[in-house]
Each structure stands twice: as C-alpha cells, then as structure tokens.
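Hello,

Please find the structure below. My notes on it follow.

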Amino acid sequence: MAAKRAYERLIEYARVHTASIEDAEQTPSTQRQFDLARVLEKELTALGAEDVYVDEHCYVYAKLPATPGLEDRPCVGFLAHVDTVPDFSGENVAPRVVENYDGGDVVLGGSGRTLSPAAFPHLASLKGKTLIVTDGTTVLGADDKAGVAEIMTAVERILADKLPHGPVAVGFCPDEEVGHGAKLMDLKRLGAELAYTVDGGPFGEVEYENFNAAAAKVTFRGFNVHPGTAKDTMINASLVAHQFNAMLPAGETPRDTAGHEGFFHLTEMEGNVEHATLSYIIRDHDAGAFEARKKTMEHIAALLNARYGEGTVTLTLREQYRNMLEKVRERFEVVEKAEAAYRAMGVEAKAVPIRGGTDGGALSFRGLPCPNLPTGSYGHHGPYEHAVVEEMDQVTELLLRIVEEFAR
C-alpha cells in the first residue's frame, strides 16, 4: 500500500481543533490538544514506532531504534507542535486543494477574503503548484500541523521502506503558540542528542538564530487637579506615557525592520490623567544590542522621573527567551548536517534569522541543540495561511536525507 503524502495528513490533522489559549495555569492549556495527540499515538504505533507514549501534559514521544550496525550513531530528534494559534479560529477548519495554481487571486470560500499576490508577493513564484488554503474563516493549522504531517510521513517512509538509519526520536508538543511548548518536554524520555523543530516557512531555509526577547510594562502615575488651576501642578499620566514612547527610536518598530534588525513594539496602551500603562515587547538578535535596548528604556524612565518626580514612571522588564545561536554554535554539526542534506537534494540552504521565538530555542538552552526546518507553508496565524503540496514533499525528503546524514 502506497505511503500517504504529507499534505494528505495535513488535511486530516487540520480538521482536529487544537487551539491553545493564553494565560492558562495548566499544560496543556486546552484538553482538545489531546485529540490530535491520541491520533498520533495510534498512528505511530500502527506504523511500527517503538516506546510510543503520551504523557499527562500532552507530549507525544516515539522512537525508531537503529537498524543493525548503526546503533552507535547519534540519536537525531524531530519535533513539531500540535496546537494552533489562539488569536484566530482553529475550529471547523475546511481545507481546500487548489491544483495547478494560476498565480492570481484565490477566493477563500464565502468569507469575503481573497488570498492575493498583492498582499503576498511570493504567490507569483508558486504558479503551477498545488496549494492548500482555508475557507477564509479559520486558520489552516499548517503552523504546525504541516510539520507534524511531514515528520509522520518521514517515519512511515523510514519504517515501510526499511531505510538504514541510526536511532531516531520523535516528539510532539502542546502549547507552543502560547510560549510553553518546550517547558515540560522530558528530554531523557525523548532521548535525542541533537534535534530539529519542523516549524518554519518556505522550503530551502534553515533557521538557527532567534530573537533575544523581553517584555516591558511601563506604568505612569499622574497628579490630577482642576485644569483651571493646573499650571506647574498637574501631571497627566497619559501625556507622560506619550513622551516615553516618543523618546524611543521612531524607526525601530516591527513595520520598519527586517532580518537581524531589532525593535521596540508597543503592544497595548491605556490611561487617563491619573494612571496610564504601556506594554512593549523588545527584540534583538544581537545580545549586546538587546541589552542596550533595555538600558534605553531604563534611561528614558530615569529622565522622566527627574522631570516629574520619582515614582512617576515605573519600568518592569521581564526576560522571555534568548537567541538559540548561543547554544547551537557549540554543536554546529546539527546545522551542517541539515545543509549537507539540502545539498544532496541539489539545494543550497539559506540561513534565515527567526524574527520571533521557537521551541527549538528553549530546547537549545535546556541542552538539546535544536535549529528549525521549514514546513512549506506561509501566511501563518490567520485566514490567509496556505501550504504548498510540492514543498511539503520536499520537506519530507529533507528529513529523510538528514536521517541519512546521521547514519553515515
């Protein structure tokens, strides 16, 4: 019986509602993530994987023991996450296959939305390929069910075709979209020495740098008096907040930056005369520049406190995650093997910095170097999400080539 293709699995998995939620006290944040975890558990067992296990926190583990003579090779792991973003509906997903895409607009069901090259210029390069799109009312869930599907398809190919391989570990995580995906993964049970998350975008990329990240909350305490007698007395908290934001570098926002460039991102604001708050996220790939960004905020707070009185501005900084490159460079062969696998396919890998965080970053700092590989999907976290069937096949082949590299 012919093996399933990765896109066929994606369509099946996309129909399982697995959205996580923010600020939950438990892991997984939603019990519905177990619905897909159990599907994967059953499928892995049927394919012939060993030590298949779903733990109480919705982490899925499985192993492919080495073929005889290759037991001493390093154990390579492949990881993906089962949850979808909480910001847009992942329920009642209705994937649609668009064959021989003509390079133009794709009407997304009756939603009134259109997947258009005007908004997504890369679509022009996908002409003639096969797309999987949404009906415009939900996410597709390719982030990261495409990665799940590609790993599962690679597992099937390895076992069904009896491909020679060293030890291989498979892991699927909950709650990546809310920042907790790697937190409770049992690395001893997983058993990998080096690993990859399959959670990226276009085929051809390999990602081993992510942002250094912090959250900043700035509170402003005002002094409210009658405006008719307010001269040299009133402190309008909302106006002080406005001054704080205006003192940050104006061109260093997400809209104005790309690649390795960092930013300050104002995510939320509220206030009146007596009290105001600003919430930011701070991002930079360079550790020194990241520290300088935090110092800039501290300096602005000090200046405003000197102007209006101590306690007017209170800045709270909370570090979120660090750039995985710090750890991956210690075992850079994990990147070199991915690059060699690409070359075996006739492709020169493109190193792309992640403008966000990743489970791989968190796992790298827990001792498992873990760069990120593509999924062949685009437009994540919204109704315009789409996957490319041919690229998903290429990613599956890439995983098999990586297994081959580890078996050498």
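Cys 58 is buried, its relative accessible area being 0%. Note that this is a predicted model.

The structure holds zero disulfides. Cys 58 is in none, and the nearest cysteine sulfur, that of Cys 173, lies 9.7 Å away. Cys 173 also counts as buried, at 1% relative accessibility. For the sulfur of Cys 173, the closest cysteine sulfur is that of Cys 370, at 8.8 Å, which is too far for a bond; a disulfide would need the two sulfur atoms within 2.5 Å.

Helix H8 covers residues 333-344. Its twelve residues reach 16 Å from first C-alpha to last, close to the 16 Å expected. The buried residues of H8 are Val 334, Val 335, Ala 338, Ala 340, Ala 341 and Tyr 342. Among the elements that cover them are strand E9 (194-198), strand E10 (205-206) and helix H10 (389-407). Gly 346, which follows H8, has a positive phi, near 80°.

There are nine aromatic pairs in the structure. One of them joins Phe 203 and Tyr 342 in a tilted arrangement, with 5.3 Å centre to centre and 55° between the planes. This pair links distant parts of the chain, 139 residues apart: Phe 203 is in the loop between E9 and E10, and Tyr 342 is in helix H8. Phe 203 counts as buried at 14% relative accessibility, and Tyr 342 is buried at 0%. Phe 78, Tyr 196 and Phe 406 form one aromatic cluster.

Arg 189 lies over two rings: its charged end is 3.8 Å from the ring centre of Tyr 53, and 5.9 Å from that of Tyr 61.

Regards

Terms used:
Residues are numbered from 1 along each chain as its sequence is written. This is a predicted model: local features need pLDDT of at least 70, side-chain atom pairs count only at pLDDT 80 or more; totals for chains, interfaces and linings use all residues. Side-chain values use heavy atoms; hydrogens and water are left out. Helices (H or I, at least four residues) and strands (E, at least two) are DSSP runs, numbered from the N terminus. The expected span of a helix is 1.5 Å times one less than its number of residues. Buried means under 20% relative accessible area, exposed over 50%, partly exposed in between (1.4 Å probe, protein chains only). Contact means heavy atoms within 4.5 Å. Rings of Phe, Tyr and Trp (its six-membered ring) pair if their centres lie within 6.5 Å; planes under 30 degrees apart count as stacked, over 60 as edge-to-face and the rest as tilted. A charge sits over a ring if NZ of Lys or CZ of Arg is within 6 Å of the ring centre and within 35 degrees of the ring normal.
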